[in-house]
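Subject: Structure for you to look at

Hi,

Here is the structure I said I would pass on. Have a look at it first, and then read on for what turned up.

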Amino acid sequence: FSKVGSGQLTWWGMTVYDAVLYAPEGTYRPGTPHSLEITYRFSFSREQLAGRSLEEIERLHGKRSNREAVLAQFRSLFPDVAPGDRITALHRPGEGADFYRGDVPLGRIADAGLAADFFSIWLDPATSEPGLRSQLLGIRTVSTGAK
């Protein structure tokens with residue numbers, strides 16, 4: 001895998017985390033494996049990560065009938081994080097996603113649909129953070145200098 005792009009999630013002027021998207025040959029294709037690496041700048045509990053992830057998934061895809069099961073899975077998968085902690089998620093479309101803290105395996109989302117929904121938080125055109133999405137995908141925005 002090679003780097004496709006990188007960016008930062010900022011909130012009220014503070015950088016919350018740094019993110020890097022990797023894919024074969026540095027080119028993201030939705031149907032091929034890719035990974036997202038997040039390095040946190042703040043501490044978050046597993047509960048906060050699980051809740052925020054589900055909130056973003058439901059914002060994009062609607063309320064889930066199995067939301068309690070998804071929350072339980074996310075809580076068991078995500079660790080509490082501190083500044084400098086790096087979580088990497090490897091998405092194999094159609095198969096699921098594997099999660100790592102540094103190089104240590106955390107677990108897997110075996111449900112291919114849920115795994116795709118998780119990655120849509122960052123990669124869907126309707127993401128709540130379109131600027132970060134563009135940076136991750138290596139899309140350069142050009143200023144037109146309109147007058």
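**What I found**

Let's start with Arg86, which sits in strand E4, the run of residues 86–92. Bear in mind throughout that this is a predicted model. Is Arg86 buried, exposed or partly exposed? With a relative accessible area of 31%, Arg86 counts as partly exposed, because that value falls between the 20% and 50% cut-offs. Setting aside neighbours within four places in sequence, Arg86 is in contact with Glu37, Ile38 and Thr39, and also with Tyr100, Arg101, Gly102 and Asp103. Leu71 is 15 residues from Arg86 in sequence, and their C-alpha atoms are 21 Å apart in space.

**Helix H2**

Leu71 takes us to H2, which covers residues 67–77 and has Val70, Leu71, Phe74 and Leu77 buried. Why do the buried residues of H2 line one face of the helix? Looking down the axis of H2, you see them fall within an arc of 130 degrees, so they end up on one face. Glu68, Ala69 and Ser76 are exposed on the other side of H2.

**H1 against H3**

For H1 and H3, the axes come within 9 Å and cross at roughly 95 degrees. That angle lies in the 65 to 115 range, so H1 is roughly perpendicular to H3. On the H1 side, the contact is made by Ser53, Glu56, Ile57, Leu60 and His61. H3 brings Leu114, Asp117, Phe118, Ser120 and Ile121 to the contact. By type, the contact residues split into five nonpolar, three polar and two charged.

**The core**

How many residues does the largest nonpolar core have? The count is 35, and the residues with the most contacts inside this core are Tyr17, Phe74, Phe78, Phe99, Phe118 and Trp122. H3 supplies the largest share of the core, with seven residues.

**Two backbone angles to check**

Trp12 is not a glycine, yet it has a positive phi of about 50 degrees. Trp12 is found in the loop between strands E1 (2–11) and E2 (14–23), and it counts as exposed at 74% relative accessibility.

Glu25 also has a positive phi without being a glycine, with a value near 60 degrees. Where is Glu25? Glu25 lies in the loop between E2 and strand E3 (34–40). The relative accessible area of Glu25 is 70%, so this residue is exposed.

Cheers

Conventions
Residues numbered from 1 in each chain as written. Predicted model: local features only at pLDDT ≥ 70, side-chain atom pairs only at ≥ 80, totals over all residues. Heavy atoms only, no water. Buried < 20%, exposed > 50% of the residue type's maximum accessible area, 1.4 Å probe, protein only. Helix = DSSP H or I, 4+ residues; strand = E, 2+ residues; numbered from the N terminus. Arc of directions from axis to C-beta. Contact = heavy atoms within 4.5 Å. Axes fitted to C-alpha atoms, helices over the stretch in contact; angles between N-to-C directions. Parallel < 35°, antiparallel > 145°, perpendicular 65-115°, else oblique. Nonpolar A, V, L, I, M, F, W, Y, C, P; charged D, E, K, R; others polar. Core = buried A, V, L, I, M, F, W, Y, C linked by side-chain atoms within 4.5 Å.
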